[in-house]
Amino acid sequence: MAYVRKTDTLVHEILSKVDDMSRVAQRPYETATVTENSAEYKALSDAIETVSWKLAPELRDKMPSEWSSRLARSKRVDVTIEPPVDCPESGRLRVTIEREDKPFCLSPEHFDPNTGSYYNNTKITFAESDIPPIVMAWFKGGKSNEATRAGIKTKFDKVREQLKSFMNQHSSLNTAIKAMPEIEHYVPDEYIQKLHAPSPPRGKAATPAPKEELDIDVDALTSAAVAHQIASAG
């Protein structure tokens, strides 16, 4: 087994691999969690005009038909909802609501004459008081993909900090892997190949602090690596 000295480049590439693994593990949860034809999607669609006109709801029903037909041009609305106060573990909901057959009639606050373009959607942010009950129940039910992504990111962020601290205690990759074999999940392949190449023996290195003294969560390292492998295979 060859001697692989710890360098700033090695540590940087280990941490970069952790970041890459985190992104891959999050990827299955990047799709919208409120999908077309769902009850939540319909509730948001039904609420868009009410939210748009909430500053002057009386005007919505009193406009001449010529005005309302001119304002009814938005076929696609990007809805954004921050997580409710009672759902701190949830994530922000973003969903595009489409209504091709009957475009949304929006207030002057949201109306944009350029919304006829497919790539220029109207954007509306719902306040917590605007959230339909069924969507509020969806948040409280923990169905947000965004919440799952946040949990995965937090796990990998913890792994990243622990590996950085752990590597600071070692002068070589050899001693690091000997002390904690689980770290090999996060070492780029080129360094593992160097490690396993034959090499003449070297002098004995100083003994670093054991992983127990650094309070390394080995289970977290392993489970994060498994999450990455599952996402990569999907």
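Which residue stands opposite Val79 in β5? Ile124 does, and that pairing is a handy way into this predicted model. Residues are numbered from 1 along each chain as its sequence is written, and side-chain values use heavy atoms, with hydrogens and water left out. Because the model is predicted, local features need pLDDT of at least 70 and side-chain atom pairs count only at pLDDT 80 or more, while totals for chains, interfaces and linings use all residues.

- Three strands form an open sheet in the order β3-β2-β5, with mixed pairing. Since β3 and β5 stand at the edges with a single partner strand each, one side of each is left without a neighbour in the sheet. Neighbouring strands here are turned by 25 degrees against each other on average, direction ignored; for such angles, axes are lines fitted to C-alpha atoms, for helices over the stretch in contact, and angles run from 0 to 180 degrees between N-to-C directions.
- Strands (E, at least two residues) and helices (H or I, at least four) are DSSP runs, numbered from the N terminus. Two strands pair if DSSP finds at least two bridges between them.
- β2 (residues 76-81) and β5 pair in the parallel sense over five bridges, whereas β2 and β3 (residues 93-98) run antiparallel and are joined by six bridges.
- Asp78 has a partner on either strand: its bridge partner in β3 is Thr96, and it stands opposite Lys123 in β5. Further along, the bridge partner of Ile81 in β5 is Phe126.
- Six of the six residues of β2 are buried (buried means under 20% relative accessible area, exposed over 50%, partly exposed in between, with a 1.4 Å probe and protein chains only). Arg76, Asp78 and Thr80 point one way from β2, and Val77, Val79 and Ile81 point the other way.
- β5 (residues 122-126) has a covered face of Thr122, Ile124 and Phe126, and an uncovered face of Lys123 and Thr125.

**The nonpolar cores**

- A nonpolar core is a set of buried Ala, Val, Leu, Ile, Met, Phe, Trp, Tyr and Cys residues joined through side-chain atoms within 4.5 Å. In soluble globular proteins, nonpolar side chains tend to be buried together.
- The largest core here has 28 residues, and Phe156, Leu163, Met167 and Tyr186 have the most contacts inside it. The elements giving two or more residues to this core are α1 (8-26), α6, α7 (173-179), α8 (189-195) and α9 (218-233). Of these, α1 gives the most, with seven residues.
- Leaving aside neighbours within four places in sequence, Tyr186 is in contact (heavy atoms within 4.5 Å) with residues including Ile14, Val18, Met21, Phe156, Leu163, Ala220 and Leu221.
- A second, separate core of 23 residues includes Ala47, Val77, Cys87 and Phe104.

**Salt bridges**

- The count comes to 11 salt bridges, each a side-chain nitrogen of Lys or Arg within 4 Å of a carboxyl oxygen of Asp or Glu.
- What separates Asp20 and Arg23 along helix α1? They are about one helical turn apart, because they are three residues apart in the helix. The closest N and O atoms of their salt bridge are 2.3 Å apart. Asp20, at 40% relative accessibility, counts as partly exposed, and so does Arg23, at 46%.
- Glu100 and Arg76 meet in a salt bridge of 2.8 Å, N to O. This pair links distant parts of the chain, with Glu100 in the loop between β3 and β4 (104-105) and Arg76 in β2, 24 residues apart. Glu100 is partly exposed at 40% relative accessibility, whereas Arg76 is buried at 7%.
- Lys123 and Asp78 meet in a salt bridge of 3.7 Å, N to O. Lys123 lies in β5 and Asp78 in β2, so the pair ties together parts that are 45 residues apart in sequence. Lys123 is exposed at 58% relative accessibility, while Asp78 is buried at 17%.
- Salt bridges that share partners join Glu49, Arg60 and Arg99 into one network.

**Two buried polar residues**

- Glu49 sits in helix α2 (residues 39-52) and is buried at 13% relative accessibility. A polar contact of 3.0 Å joins the side chains of Glu49 and Arg99; such a contact is a pair of N or O atoms within 3.5 Å, where within protein one must be able to donate a hydrogen and the other to accept it, and residues adjacent in sequence count only if both atoms are side-chain atoms.
- Gln162 is found in helix α6 (residues 145-167) and is buried at 12% relative accessibility.
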